[in-house]
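Trainee: Could you take me through the sheet in this one, strand by strand? I'd like to see how it is put together and what sits against it.

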Amino acid sequence: MDLEIYDDTKQADSNWIELIRAVLEYAGNYLKLPEETEMSVTLMDNEHIHQINKKYRGVDKPTDVISFAIEETGSEDPIIIPADADFKEPKNIGDIMVSVDKVKEQAAYLQHSEERELGFLVIHGFLHLNGYDHMKSEDEKVMFSLQRKILDAYGLKR
């Protein structure tokens, strides 16, 4: 997986960055995504995620994680890759934004590690990027079950 991680807070240590990378790589393999899959994760504070939540979702408060999936819309000007090309076209699935403040708040409230909360939020956002939506009643059980299976199999149990 081609993964870009940005820490706008400058608070994440190398362990958090490696956790994000490893858990997303694991989840990508779990879902059998192509190796060329691209995405990004940005760590930010409550103030920044609040602004994004208000602007793009119309919700005037900070949230823990926001996902922006990139959907293929069938552009009028498709990119044509020659049949003899020796590479596969990468697929960018989108961007995840995570509030570091919420990671810390929710980990303390739920009495588990910040790493478990970070992993949970990253996988939650990742599943949204891959078409899962707990806001649809028919998808809710499927998404939360898959989220738990991935986190448990990876080793991030509550």
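Mentor: Start with E38, which faces N92 of β4. That puts you at the join between β2 and β4, two parallel strands linked by seven bridges. Keep in mind that this is a predicted model.

On to β1, then: β2 pairs with β1 too, again in parallel, this time over six bridges. Look for E4 there, with S40 of β2 across from it. To get from β1 to β2 the chain goes by way of helix α1, residues 14-30, and that β-α-β crossover is left-handed. As for β2 itself, six of its seven residues are buried, so the rest of the structure largely encloses it.

Now go to β3. Its partner is β4 (residues 92-99), and here the pairing is antiparallel, with five bridges.

Put together, you have an open, four-stranded sheet with mixed pairing, ordered β1-β2-β4-β3. β1 (2-7) and β3 (65-69) are the edge strands; each has a single partner, so one side of each has no neighbour in the sheet. From one strand to the next, the twist averages 15°.

And what sits against it? Helix α2, residues 46-57, packs on the sheet and touches β2 (38-44), β3 and β4, with its direction at about 50° to that of β3. Helix α4, residues 114-129, packs on the sheet as well, touching β2, β3 and β4, and its direction makes about 150° with that of β4.

Terms used
Residues are numbered from 1 along each chain as its sequence is written. This is a predicted model: local features need pLDDT of at least 70, side-chain atom pairs count only at pLDDT 80 or more; totals for chains, interfaces and linings use all residues. Side-chain values use heavy atoms; hydrogens and water are left out. Two strands pair if DSSP finds at least two bridges between them. Axes are lines fitted to C-alpha atoms, for helices over the stretch in contact, and angles run from 0 to 180 degrees between N-to-C directions. Contact means heavy atoms within 4.5 Å. Buried means under 20% relative accessible area, exposed over 50%, partly exposed in between (1.4 Å probe, protein chains only). A crossover is right-handed if, with the strands pointing away from the viewer, the path from the first strand over the helix to the second runs clockwise.
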